[in-house]
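Have a look at the sequence and the structure, then read on for the details.

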Amino acid sequence: MIKRSLWGLLFAFCFLIVETALLSNILVLPVVPDLLLLLLVFISFYNGSVMGEVHGFFAGFMLDFLSASPLGLNSLMRVIIGFMSGLFKDVFNADKIFFPAVLVAGATVAKAFLLIALSFFFGEKIAVYHFGESVFWIELCMNTVLAPLMFAFLRLFSTLLIESPKSSSYASK
């Protein structure tokens, strides 16, 4: 589990650099897709809630250092999303196009609701989504469309990111 967590954090750091250094500087994009959210949903879906919580905490903590949000906001939000995404492990088949898109769309909506709920505690220090504005809908569409592509890309590294199921030979003895 530690090896998978370290690889996941390395991927998170790379995606964070791409998201903050490259994608945020493209003027054509009105909104930057949340690559860390896509990675978090992938890791927690295939590895379960505990791994999702661990990865969500550390990836969110890295994001907290690079953003203007209060320290711990992204960590808390991503721990909750990692837990919720991990609940779907072994329940659905995510090898198709449809379910990764639905799962990431749900995570994006959960992120928006969590930001609204946490704004009561943090006040005006954080930016929240307004469902009537196009920013939320554009990010939702971008994340949803990128989800199957990102899941297919990350499956190429499944030996590094996905914990293999335990051998049941010891359990039967």
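## The nonpolar core

This is a predicted model, and its largest nonpolar core takes in 41 residues. Inside that core, the residues with the most contacts are F15, L39, F42, I81 and L154. Helices α1, α2, α3 (49–66), α4, α5 and α6 each give two or more residues to the core. The largest share comes from α2, with 11 residues.

Skip its neighbours within four places in sequence, and F15 is in contact with L35, L36 and L39, plus M150, F153 and L154. Two of those partners, L39 and L154, also turn up in the list of residues with the most contacts inside the core.

## A network of salt bridges

The model has 3 salt bridges. Which residues do they tie together? D34, R78, K111 and E139 are linked in a network.

Start with R78 and D34: their closest N and O atoms are 2.9 Å apart. This bridge links distant parts of the chain, since R78 sits in helix α4 (residues 73–86) and D34 sits in the loop between α1 (2–22) and α2 (35–47), with 44 residues separating the two. Both R78 and D34 are buried.

D34 also meets the side chain of K111 in a salt bridge, at 2.7 Å from N to O. Again the pair links distant parts of the chain: K111 belongs to helix α5 (residues 98–122), D34 to the loop between α1 and α2, and they are 77 residues apart.

K111 has another partner, E139, and here the closest N and O atoms are 2.8 Å apart. That bridge runs from helix α5 to helix α6 (residues 134–155), between residues 28 apart in the chain. Are K111 and E139 buried or exposed? K111 has a relative accessible area of 8%, so it counts as buried. E139 comes in at 4%, which is under the 20% cut-off, so this residue is buried too.

F57, F58, F61, F65, L66 and L71 make a nonpolar surface patch of about 600 Å². One of them, F57, is found in helix α3.

Most residues other than glycine have a negative phi. Where does D90 lie? D90 is in the loop between α4 and α5. With a relative accessible area of 71%, D90 is exposed.

The protein chain averages a pLDDT of 87, and 93% of the residues score at least 70. Residues 167–173 are another story: pLDDT stays under 50 over that stretch. For those residues, the model has 0 contacts beyond four places in sequence.

Note on methods: Residues are numbered from 1 along each chain as its sequence is written. This is a predicted model: local features need pLDDT of at least 70, side-chain atom pairs count only at pLDDT 80 or more; totals for chains, interfaces and linings use all residues. Side-chain values use heavy atoms; hydrogens and water are left out. A salt bridge is a side-chain nitrogen of Lys or Arg within 4 Å of a carboxyl oxygen of Asp or Glu. Helices (H or I, at least four residues) and strands (E, at least two) are DSSP runs, numbered from the N terminus. Buried means under 20% relative accessible area, exposed over 50%, partly exposed in between (1.4 Å probe, protein chains only). A nonpolar core is a set of buried Ala, Val, Leu, Ile, Met, Phe, Trp, Tyr and Cys residues joined through side-chain atoms within 4.5 Å. Contact means heavy atoms within 4.5 Å. Patches are made of residues with over 30% relative accessible area and no salt bridge: like charges are joined within 9 Å, nonpolar side chains (Val, Leu, Ile, Met, Phe, Trp, Tyr) within 5 Å. Accessible areas come from the Shrake-Rupley method with a 1.4 Å probe; for residues, only the protein chains shown count as cover. pLDDT is the predictor's confidence in each residue, from 0 to 100.
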